[in-house]
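Trainee: I've got a new model open and want a quick tour. Can you walk me through it?

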Amino acid sequence: MSQSYNRGLVEDFGRWREFTAGMWAWILHKFTGWVLVGYLFTHIAVLSTAISGANAYTDTIQGLESLLLVRVMEVGLLAVAVFHILNGVRLLFVDLGLGLESQDKSFYASLVVTGVIVLASIPTFLEGAF
């Protein structure tokens, strides 16, 4: 006789309240990984304009840098990359058995450090945009 398990409805969006820090770390790490993969394809597309010549590449880069939206997205890319790196290092330590009792604190610390780095970098990214 098989046992059944009530997994809940897929549409039960209230379940996110039950997530612990570990679940949020897992979700954000997967999300940031996919964003970085998507950026990789965009990066390759921009670099492929160099095939048409140095002027085409330079014009593409200058055109993109002149858009405020692109500069804001670069700040977002920095946030994604920094969090993914910090959380990856945190996971490495956990896999090595270091800091097992303070996983929640290290996850929150990686969020705070990411926020500090991104906030400190905003003036550099938006310099000359206005």
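Mentor: Let's take the fold, then the helix packing, then the pocket, then one threonine. Keep in mind that this is a predicted model.

Trainee: Okay, fold. How many helices and strands does the protein have?

Mentor: It has 4 helices and 0 strands. Along the sequence the pattern reads α-α-α-α.

Trainee: And what share of the residues counts as buried?

Mentor: The protein has 130 residues, and 15% of them count as buried.

Trainee: Now packing. At what angle do H3 and H4 pack?

Mentor: About 155 degrees, with the two axes 9 Å apart. H4 covers residues 103-126.

Trainee: Is the H3 and H4 crossing left-handed or right-handed?

Mentor: H3 and H4 make a right-handed crossing. Their contact has 17 nonpolar residues, 6 polar ones and 3 charged ones.

Trainee: What about H1 against H3? How do their axes cross?

Mentor: At roughly 130 degrees, and the axes come within 9 Å. H1 and H3 are therefore oblique to each other.

Trainee: Which hand does that crossing have?

Mentor: Left-handed, as H1 passes H3. The crossing of H3 and H4, by contrast, is right-handed.

Trainee: Switching to pockets. What volume does the largest pocket have?

Mentor: About 520 Å³. Its lining is made up of 18 residues.

Trainee: Which of those lie nearest the centre of the pocket?

Mentor: Tyr39, Thr42, Val70, Glu74 and Leu77.

Trainee: Which helices supply at least two residues of the lining?

Mentor: H1 (21-47), H2 (54-65) and H3 (68-95) each do. The largest share comes from H3, with 7 residues.

Trainee: And how does the lining of the largest pocket split by class?

Mentor: There are 13 nonpolar, 3 polar and 2 charged residues in that lining.

Trainee: Last stop, Thr60. Where is its place?

Mentor: Thr60 sits in helix H2.

Trainee: Why does Thr60 count as partly exposed?

Mentor: Because its relative accessible area is 24%. Buried means under 20%, and exposed means over 50%, so 24% falls in between.

Trainee: How far is Thr60 from Thr49 in sequence and in space?

Mentor: They are 11 residues apart in sequence. In space, Thr60 and Thr49 are 7.5 Å apart, C-alpha to C-alpha.

Key
Residues are numbered from 1 along each chain as its sequence is written. This is a predicted model: local features need pLDDT of at least 70, side-chain atom pairs count only at pLDDT 80 or more; totals for chains, interfaces and linings use all residues. Side-chain values use heavy atoms; hydrogens and water are left out. On a 1 Å grid over the protein atoms alone, a cavity is a set of points where a 1.4 Å probe fits but cannot get out, and a pocket is an open set with protein on both sides within 12 Å along at least five of seven lines; lining residues have an atom within 4 Å of a point. Grid points are joined across faces, edges and corners, and a volume is the space filled by probe spheres set on the points. Ala, Val, Leu, Ile, Met, Phe, Trp, Tyr, Cys and Pro count as nonpolar, Asp, Glu, Lys and Arg as charged, and the others, Gly among them, as polar. Axes are lines fitted to C-alpha atoms, for helices over the stretch in contact, and angles run from 0 to 180 degrees between N-to-C directions. A crossing is left-handed if the near helix is turned anticlockwise from the far one by less than a right angle, and right-handed if clockwise. Buried means under 20% relative accessible area, exposed over 50%, partly exposed in between (1.4 Å probe, protein chains only). Angles under 35 degrees count as roughly parallel, over 145 as roughly antiparallel, 65 to 115 as roughly perpendicular and the rest as oblique.
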